[in-house]
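Trainee: I have not looked at this entry before. Could you take me through it step by step?
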Amino acid sequence: MKKFLTATAAVALMASGAAAEEVKIGILQGFTGPTESLVGPMASAMEMAIEEVNASGKFMNGMTVVPVRGDSTCIDASAGTAAAERAITADGVKGIVGGTCSGVTGAILANVAVPNGIVMISPSATSPALTTAEDNGLFFRTAPSDARQGEVMANILLDDGVKSVAVTYTNNDYGKGLADAFAAAYTDKGGEVTISAAHEDGKADYSAEVASLAAAGGEVLVVAGYLDQGGAGIIRSALDTGAFDRFHLPDGMVGQSLSDAFGTEIEGSKGQAPGSNSDGTKIFQDMGADKFDSQSPYTAEGYDAAALIMLAMQAAGSTDPNVYKDKVEMVANAPGEKINPGELGKALEILANGGDVDLVGATGVELIGPGEAAGSYRVVEIKDGKFVTVEYR
Amino acid sequence: MDILNAIVALSNFVLIPAIAYGSQLALGALGVTLIYGILRFSNFAHGDTMAFGTMATILFTWALQSAGVSFGPLPTALLALPFGIAACVLAVLATDRVVYKFYREVKAKPIILVMASLGVMFIFNGIVRFIIGPDEQRFADGERFIITAREFREMTGLQEGLALKSTQGITVVTAVIVVALLFWFLNRTRTGKSMRAYSDNEDLALLSGINPERVVLVTWLIVAALATIAGVLYGLDKSFKPFTYFQLLLPIFASAIVGGLGSPLGAIAGGFVIAFSEVFVTYAWKKVLGYMLPESLEPSGLVQLLSTDYKFAVSFAILLIVLLFKPTGLFKGKAV
C-alpha cells in the first residue's frame, strides 16, 4: 500500500511537472480608480523582474514565468475579490503580487487568497490592520506598515523637541490607521496629542476644521492626508488664519506639488516617506529608467515583491504556494549572498545549487514580524521652499 | 487683554469666515427666492447655474491673464465678471426658451417645473464638467491679504492673530453693493414694481397690463447675474470645483426656506443664520473660553458640540425644524 501511494505521488508529480512548462503570477493591482496613475509604473516594475528571470533561463530548470494582469481597483472590494477569484480559478496563478490599497488587499486576502491557499505579496498596502490579519503565513508586504511610520514620525518630532501636536487625517483606512499608530507611539514616548480630527477630501473650504485644530493648539500640525487633496487645503487654511506655521508631513504629503504650492511658507516643516539610500534603489532606477517612471512611488517595492515570489519558488523547488510560502522570509533576509536588482539570474543559480540568498533588491527588503518589511524612511525637510533629504531612518 | 484675545480669536476663526460664507449663501439664496416668488418653482439647477457662470468667468479670467491684463491688487476675475454674467444670462435664457417656456404655456403644476429643473441641473452639471473638467481650479490672483495674522500680532502685541483675506473683504463689499442695487431696483423702478406685482398676484398683474414675458426675462437676467456673482465670490474665497457647487444647493435652499421662500430680505437673513449656525455649532470653544473664564473654570475638553464632519447636518436640521414649526420661514414667505 505504501509503495502504491509513493508511486502514484511520483506519477502525479511528473504529470504536473510535464504540464507546467510555465507558471503564472498574478499582477493584481488597482489599474482603475484613485491609484490608477501610480499603478502603471508599479506593474511595469513587476514585469521587469519577471522578464529578468525569464531572460536568465535558470528558473526551475527552464520554466517561464507569465504575468497575468488583473484589476483589483483601490476601493471596490467586490471587484477586487472577483478579479482575484478569476486569476486563481481561470488563469491558475500560483502567486499574487497585490493588491494596491489596504482595504481591498484585506478583502482579497480573507475571501480569496487564504481559502485558496495562494501567496500574496503587496507592494503598497500599508495599513497596520493587515499585520494582525488571519493569513496562514500566506501574506507578505514589501512596504512597511504605517505602525512603523507612526513610530518613526514620533521619533523625528521628539528628537526635534516637539512635545505637543495636533493631528488631522484624511477620513479613510490609510489616514485613520496612520493617525492612530502615530498617536499611540507619540503618547507612549511622552508627547501629547491635543486633538486627532478627520477631514474629508475634496472640499472647497477647511476653515472649520482648522478652527477646531487651532482651538486645541499644539506646536506642530501633523497632516496625514493627500498632497493633491484635503491635506493641501488644510495647510492653506492654517497658514491663512495663522493657526499653525509648522507642519509634519507623512508619506501621502511628500511630493513636489506641495513644495511648489507653499514653498518657503512652510519652511522648516519636516516629513518622511518610505525610501532608502541603498545602492539597490539606484541600480533599480537606472535599470527601469528607459522603460517606465522608475522614481514613481512603490515601483521599487513592486519589483521586490515579484522577485520574492520567484526566488521563494526556486528555493522551495516548487510552485505550490503552501510549500514555497515558508521560503519567502529565507530569501528576503540574511544570511546569504546579497542580491541587488539585475542579479536575479545569479540568485536563481545559487538557489538551484542549494545555496542561500539575501534579496537586497530595490528597497533593501528585510521582512520582520508576520512577513512585512522593516522599512526605512527618508526624512525630508523644507529648506528654501524645497523638499531636501536630511537623513534616513 | 484676555478679553481682547478672546474677541480676536473668535473673529479670526468664527466671525470673519461666517460673515463671508453668509454673504455668499445670501446671494445664492436671493436667486432661488426670486425664481420661487416670480416663476413659482424651486430651481434645483441653481447650484449648477452658479458653477456655469463661475466657469465662464474663469475662462475669461484666463483669457485676460494671458493677454497681460490685471486689476492691480484686486483679482482679475472681477474684470471678467461682466463677461461671465453675460455668458450665464445667455445660457439661462436659452434654457428658458427650450425648457421652461413650454411648461409655462401649458400651465404645468410647479412640481413638474421642479422636475424639469432637476433635468436642467444634470445637463448644466455635464456641460461644466465637459468644458472645464471636474478638478479644482484656483483663480484668485492679486493681493491675498488685507491683513495677515502675523502683521496683526506684531501691530497689536496680542497673542492671537487676526487674518483678513482680500477675498473676504471683496465678498462682503460686493454683497452689500449687489443687495442695495437689487432692493433699489425692486422697490423704486417700474420694472421692479411690476415684478413684485406679478409675484403677489399673477392675474391682477396681467389685468393691469404687465407683460408676463418681460417679467420672466428680467427675472432670469437678475438671477443669472446673482448666481454668477455668488459663484465667483465663493470660488475666489475658497476654490472652484463643480461638485462643491452642486453640494452648495443644500445650504442655499436651507437659507431661502429659513428666511421664507419668495422674500428677498428673508433670503439674506437665512444665509447668515445658516452660515453662523454651521460655524458656531462645529467650532471648538476651548480657546475662547480659556481666555474668558478664570483659570479654575478653564475647560479641559475641546468644548465642541459637533465634529466638523457634521456641518451639512446642521443645515439639514435647521431646515427640518423650520419646515415643521414655521413653514413660512422667518419673514413670512410662501408656504412650501
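Mentor: Let us begin with a loop. A:Asp384 is placed in the loop between β15 (377-383) and β16 (386-392) of chain A. Please keep in mind that this is a predicted model.

Trainee: What is the phi of A:Asp384?

Mentor: A:Asp384 has a positive phi of about 50 degrees, although it is not a glycine.

Trainee: Which sheet do β15 and β16 of chain A belong to?

Mentor: They are part of an open sheet of seven strands in chain A, in the order β7-β6-β8-β9-β10-β15-β16, and the pairing is mixed. β7 and β16 of chain A each have a single partner strand and stand at the edges, so one side of each has no neighbour in the sheet. From one strand to the next, the twist averages 25 degrees.

Trainee: How many bridges join β9 and β10 of chain A?

Mentor: Two bridges join β9 (residues 247-249) to β10 (residues 270-274) of chain A, and these strands run parallel. A:Leu249 has A:Gly271 in β10(A) as its bridge partner.

Trainee: Moving on, how is chain A divided into domains?

Mentor: Domain 1 covers 20-145 + 278-373, and domain 2 covers 147-275 + 376-392. The C-alpha centres of domain 1 and domain 2 of chain A are 31 Å apart.

Trainee: And how many residues are in contact between them?

Mentor: In chain A, 11 residues of domain 1 are in contact with nine residues of domain 2. On the domain 1 side, α4 (102-116) and β5 (139-144) of chain A each supply at least two residues. That side of domain 1 of chain A has four nonpolar, seven polar and no charged residues.

Trainee: You mentioned β5 of chain A. What is the strand order of its sheet?

Mentor: This open sheet of chain A has seven strands in the order β2-β1-β3-β4-β5-β14-β13, with mixed pairing. β2 (64-71) and β13 (367-368) of chain A are at the edges with a single partner strand each, so one side of each is left without a neighbour in the sheet.

Trainee: How do β4 and β5 of chain A run, parallel or antiparallel?

Mentor: They run parallel, and three bridges join β4 (residues 119-122) of chain A to β5(A). A:Ile121 stands opposite A:Phe140 in β5(A). α4(A) packs on this sheet and touches β3 (95-98), β4 and β5 of chain A, while its direction makes about 175 degrees with that of β4(A).

Trainee: Which helix crosses α4(A), and at what angle?

Mentor: The axes of helix α3 (residues 77-89) of chain A and α4(A) come within 9 Å and cross at roughly 35 degrees. This crossing of α3(A) and α4(A) is right-handed. Among the residues making the contact are A:Gly80, A:Ala84 and A:Ile88 of α3(A) and A:Val104, A:Ala107 and A:Ile108 of α4(A). The contact of α3(A) with α4(A) divides into eight nonpolar, five polar and one charged residues.

Trainee: What about α2 and α14 of chain A: where do their axes come to, and at what angle do they cross?

Mentor: The axes of helix α2 (residues 36-56) and helix α14 (residues 344-352) of chain A come within 8 Å and cross at roughly 55 degrees. That angle makes α2(A) oblique to α14(A). α2(A) passes α14(A) in a right-handed crossing. The contact is made by A:Ala49, A:Glu52, A:Val53 and A:Ser56 of α2(A) together with A:Leu344, A:Gly345 and A:Leu348 of α14(A).

Trainee: Where are the cis peptide bonds?

Mentor: One joins A:Gly98 and A:Gly99, with omega about -10 degrees. A:Gly99 lies in the loop between β3 and α4 of chain A. Another joins A:Ala334 and A:Pro335, with omega about 0 degrees. A:Pro335 lies in the loop between α13 (328-332) and β11 (337-339) of chain A.

Trainee: Finally, how many residues does each chain give to the contact of chain A with chain B?

Mentor: Chain A gives 19 residues and chain B gives 28 residues. On the chain A side, the largest share, eight residues, comes from α7(A). By class, that side of chain A has nine nonpolar, five polar and five charged residues.

Methods:
Residues are numbered from 1 along each chain as its sequence is written. Chains are lettered from A and ligands numbered from 1 in the order in which they are written. This is a predicted model: local features need pLDDT of at least 70, side-chain atom pairs count only at pLDDT 80 or more; totals for chains, interfaces and linings use all residues. Axes are lines fitted to C-alpha atoms, for helices over the stretch in contact, and angles run from 0 to 180 degrees between N-to-C directions. Helices (H or I, at least four residues) and strands (E, at least two) are DSSP runs, numbered from the N terminus. Angles under 35 degrees count as roughly parallel, over 145 as roughly antiparallel, 65 to 115 as roughly perpendicular and the rest as oblique. A crossing is left-handed if the near helix is turned anticlockwise from the far one by less than a right angle, and right-handed if clockwise. Two residues are in contact if their C-beta atoms, placed from the backbone, lie within 7 Å. Domain bounds come from an automatic or database domain assignment. Ala, Val, Leu, Ile, Met, Phe, Trp, Tyr, Cys and Pro count as nonpolar, Asp, Glu, Lys and Arg as charged, and the others, Gly among them, as polar. Two strands pair if DSSP finds at least two bridges between them.
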